[in-house]
Amino acid sequence: MDDKKLRRFRDRASGAPTLINEGCKITGVISGSGDYQVSGEVDGDCDIDGSVSLARDGLWQGTIKASNVIISGHVEGDIIAEGKVEISNSAKITGTVTGEAIAVAEGAVVEGQMKTTGQPAPVGFVEKRGDD
């Protein structure tokens, strides 16, 4: 299947991601490459060459800097993506969201600014898929 036809970049993900599971708390700076899935807590910043996905029960306190970012949980800090940012209906963000394109589901809470670097305005969507 052609990757361009897939709506969400997480549908294109390949390889095993790095997992930070529920009950796990990371304090400090995270850097690396590849995809990261966070269901636990992170207290610190990251600089990831890959995607970062924060699950519904995940908490991130600090700056998330990655190629692409998916937020379903709670972020207290800024999000900086070189590519796309997806904000699901369960997300709560306090901080600035910056990305080439930003998709925000109905019901998401963003307390701060949204800045797009590629498209002229944020893109809204209604999530039609079930929870992953």
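Colleague: Which residue stands opposite D47 in β8?

Modeller: K65 in β8 stands opposite D47. Keep in mind that this is a predicted model.

Colleague: What makes β6 and β8 a pair?

Modeller: Two strands pair if there are at least two bridges between them. β6 and β8 have seven bridges, in the parallel sense. So they count as paired.

Colleague: Which way does β8 run relative to β10, and over how many bridges do they pair?

Modeller: β8 and β10 are parallel, and they pair over three bridges. Within that pairing, I64 has I79 in β10 as its bridge partner.

Colleague: How many bridges join β8 to β11?

Modeller: Three, and these strands run parallel. I71 has I87 in β11 as its bridge partner.

Colleague: What makes you describe β8 as mostly covered?

Modeller: Seven of the eight residues of β8 are buried.

Colleague: And how covered is β14?

Modeller: Five of its five residues are buried. A101, A103 and A105 point one way from β14, while I102 and V104 point the other way. Both groups are buried. β14 also pairs with β11 in the parallel sense, over four bridges. There, K84 has A101 in β14 as its bridge partner.

Colleague: Which residues have the most contacts inside the largest nonpolar core?

Modeller: W60, I64, I71 and I79. That core has 24 residues. Elements that give it two or more residues include β6 (46–54), β8 (64–71), β10 (79–81), β11 (84–87) and β14 (101–105). β4 (36–38) is also one of them.

Colleague: What does I79 touch, leaving aside neighbours within four places in sequence?

Modeller: I79 is in contact with I64, V69, I71, V85, I93, T96, V97 and T98.

Colleague: Why is T98 called buried?

Modeller: Buried means under 20% relative accessible area. T98 has 17%, so T98 is buried. T98 sits in strand β13 (residues 97–99). Not counting residues up to four places away in sequence, T98 touches I79, I80, A81, V85, K115 and T117.

Colleague: Where is G62, and why does G62 count as buried?

Modeller: G62 lies in the loop between β7 (59–61) and β8. Its relative accessibility is 14%, so G62 counts as buried under the 20% limit.

Colleague: What does G62 touch, not counting residues up to four places away in sequence?

Modeller: G62 touches G44, D45, V75, E76, G77 and D78.

Colleague: How far apart are the C-alpha atoms of G62 and I79?

Modeller: They are separated by 8.8 Å. Along the chain, G62 and I79 are 17 residues apart.

Colleague: Why is S51 called buried?

Modeller: S51 has a relative accessible area of 11%. The limit is under 20%, so S51 is buried. S51 is in strand β6.

Colleague: What makes the pair S51 and D35 a polar contact?

Modeller: The cut-off for a polar contact is N or O atoms within 3.5 Å, with one able to donate a hydrogen and the other to accept it. The side chains of S51 and D35 make such a contact at 2.8 Å. So the distance is within the cut-off.

Colleague: What is the strand order of the open sheet of six strands?

Modeller: The order is β2-β5-β7-β9-β12-β15, with parallel pairing. The edge strands are β2 (25–27) and β15 (109–111). The twist averages 5° from one strand to the next.

Colleague: What makes β2 and β15 edge strands?

Modeller: Each pairs on one side only. For β15, a pairing strand is β12 (residues 92–94). β12 and β15 are parallel, with three bridges. T94 stands opposite E111 in β15.

Colleague: How many helices and strands does the chain have?

Modeller: Zero helices and 17 strands.

Colleague: And what share of the chain counts as buried?

Modeller: Of the 132 residues, 38% count as buried. The accessible surface comes to about 7200 Å², and 46% of that belongs to carbon and sulfur atoms.

Colleague: What share of the contacts with a separation of 6 or more comes from residues 24 or more positions apart?

Modeller: Such residues account for 9% of those contacts.

Technical notes: Residues are numbered from 1 along each chain as its sequence is written. This is a predicted model: local features need pLDDT of at least 70, side-chain atom pairs count only at pLDDT 80 or more; totals for chains, interfaces and linings use all residues. Side-chain values use heavy atoms; hydrogens and water are left out. A nonpolar core is a set of buried Ala, Val, Leu, Ile, Met, Phe, Trp, Tyr and Cys residues joined through side-chain atoms within 4.5 Å. Buried means under 20% relative accessible area, exposed over 50%, partly exposed in between (1.4 Å probe, protein chains only). Contact means heavy atoms within 4.5 Å. Accessible areas come from the Shrake-Rupley method with a 1.4 Å probe; for residues, only the protein chains shown count as cover. Axes are lines fitted to C-alpha atoms, for helices over the stretch in contact, and angles run from 0 to 180 degrees between N-to-C directions.
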